[in-house]
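Open the structure in your viewer and keep the selection tool at hand. The stops below are taken in order.

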Amino acid sequence: MKEYVGMVGAQIAQVLLMIVSKYAIADGMSNYSFIFYSNALASLILLPLSFIFHRSANRPPLTSIVVCGLFTIGLLGFLAQVFGYSGISYSSATLATTILNLIPGFTFILAILCRMEAVNFGSSTTQAKFIGTVVSIAGAILVTLYKGPSIIPSTLKSEIPKHLLVQPSNWVIGGVFLGIDCVFSSMFIISQAFVLKKYPAVMIVMFSYCFVCTILSVLTSLIVGADLSTFSLRPKKRLLSILYSGIFGSAFQVTIQAWCVQRKGPLFVSMFHPVGIVISTLIGLIFLGDGFYLGSLVGSVVVVFGFYTVMWGKAKEQIVVVNTGGSSKLQNEGAPLLRDNVEEQITSLSP
C-alpha cells in the first residue's frame, strides 16, 4: 500500500511540476537553466540524506560498472527533461500528461527485452498486462486526437496570460518532443532497475542522477551559447518555480519513483502515469481555465480501465514455494530481475 500512496503523490508532484515549469519557461527561463537550478537544489537536499540513510557500514561497494550505470541514469534523465520541458513549452501541461501515458507501453516492451517481465501468452497475468498496456496507450491517443463536444465550458480563459496560450502549429511540435521524452523516460526507469539491483542505495543513486543532470545542463548551456539572462531568478515567480521543482519535482518525485522501482519493478511505476490524466484535467479545469470535453472523459475512462487491468495482472503474479524433501523450489511468473532477492529470502527462512 505504501508504494501505491507514494506513486500517487509522485504523480501529483509531476503534474504540478509541468504547470510550474510552463510558467517559468514562458517567463523567459531556458530549459537548461530550469534543469540546472532544479537539480542543483535537489542535489543539495539529497547529499546529506544519502549519508543519513546509507551509512558507510551498510553502503554497498561502488564499482566501475555501477559508476557507468549512475552516469547512464543521469544522461537519460537529462535528455528526458530537455525534451519534456521543450514539449511543455510548445504545448500544455494537459497534453504533456496525456502523451506521457505512452511510457507504460515503452517500458513494458523494454522490460520484456531486458527480461524484467516474464512473457507467457498462455498466462492470464501476461494477457492482462499486455491488454491493459495497449488499452492505456489507446486512451492516451484518444484524449490527444479527439476533443469532442464541451461538457464543462471554460470560464477562466480571459484570465490566462497570452504567453501561456498554445498555437495549433506548436501543438504538434510539442507532441513530438513529448513522445521522444517518453522513450528516454522509459529507458531511464529501466536503467534505474538495473543499477538499483547492483547498488541498492536509493538516495545515493538519486543524488548522482541530480548531480549529473546539473553538470550536463551547465555544459550544454555553454555549448549552445545560452543567454545568461535566462539564469536570472527574477522575477520572484522564477525563484518560487525553482524551489518547487527542486524540492518536490526532483528530490521527492524521483526518489519515490526509484524506491518503488526497487520494490515493485519498472512496469508498476510506469503504469501510474495514467493517474496523472485525472489530476491534470482537474487542475487545468479549476485553475488554468481549461474546458472539459467528451474526448477527455472517454479517454480518461479508457486509460483508467487499462491501468487497473495491468494492476490486476501484477497482483495475480504469485510466488509459489514448494518444499520438497527439505529443499525449496521457486516458481515465479514475476520479474527475473527480482528473483535473486526472493530466493535469498526463501533460503534465509529455510531451516
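At what angle do α1 and α9 pack, and how far apart are their axes? Select both helices: the angle is about 150 degrees and the axes are 9 Å apart. Axes here are lines fitted to C-alpha atoms, for helices over the stretch in contact, with angles from 0 to 180 degrees between N-to-C directions. α1 is therefore roughly antiparallel to α9, a term for angles over 145 degrees. Helices are DSSP runs (H or I, at least four residues), numbered from the N terminus.

Before moving on, note that this is a predicted model, in which local features need pLDDT of at least 70 and side-chain atom pairs count only at pLDDT 80 or more, while totals for chains, interfaces and linings use all residues. Residues are numbered from 1 along each chain as its sequence is written, and side-chain values use heavy atoms, with hydrogens and water left out.

Stay with the first pair. The crossing of α1 and α9 is left-handed, meaning that the near helix is turned anticlockwise from the far one by less than a right angle. Their contact comprises 14 nonpolar, eight polar and four charged residues. Ala, Val, Leu, Ile, Met, Phe, Trp, Tyr, Cys and Pro count as nonpolar, Asp, Glu, Lys and Arg as charged, and the others, Gly among them, as polar.

Next select Arg263 and Glu3. They form a salt bridge, with the closest N and O atoms 2.5 Å apart; the term requires a side-chain nitrogen of Lys or Arg within 4 Å of a carboxyl oxygen of Asp or Glu. Arg263 lies in α9 and Glu3 in α1, 260 residues apart in the chain. The count by this rule is one salt bridge.

Now show Gln14, Gln81, Asp181, Ser185 and Gln253. Of the 24 residues lining the largest cavity, these are the closest to its centre. A cavity is a set of points on a 1 Å grid over the protein atoms alone where a 1.4 Å probe fits but cannot get out, and lining residues have an atom within 4 Å of a point. α3 gives the most to this lining, with six residues. By class, the lining has twelve nonpolar, eleven polar and one charged residues.

Finally, select α3 with α8 (residues 202–224). Their axes come within 8 Å and cross at roughly 55 degrees.

Methods. On a 1 Å grid over the protein atoms alone, a cavity is a set of points where a 1.4 Å probe fits but cannot get out, and a pocket is an open set with protein on both sides within 12 Å along at least five of seven lines; lining residues have an atom within 4 Å of a point. Helices (H or I, at least four residues) and strands (E, at least two) are DSSP runs, numbered from the N terminus. Angles under 35 degrees count as roughly parallel, over 145 as roughly antiparallel, 65 to 115 as roughly perpendicular and the rest as oblique.
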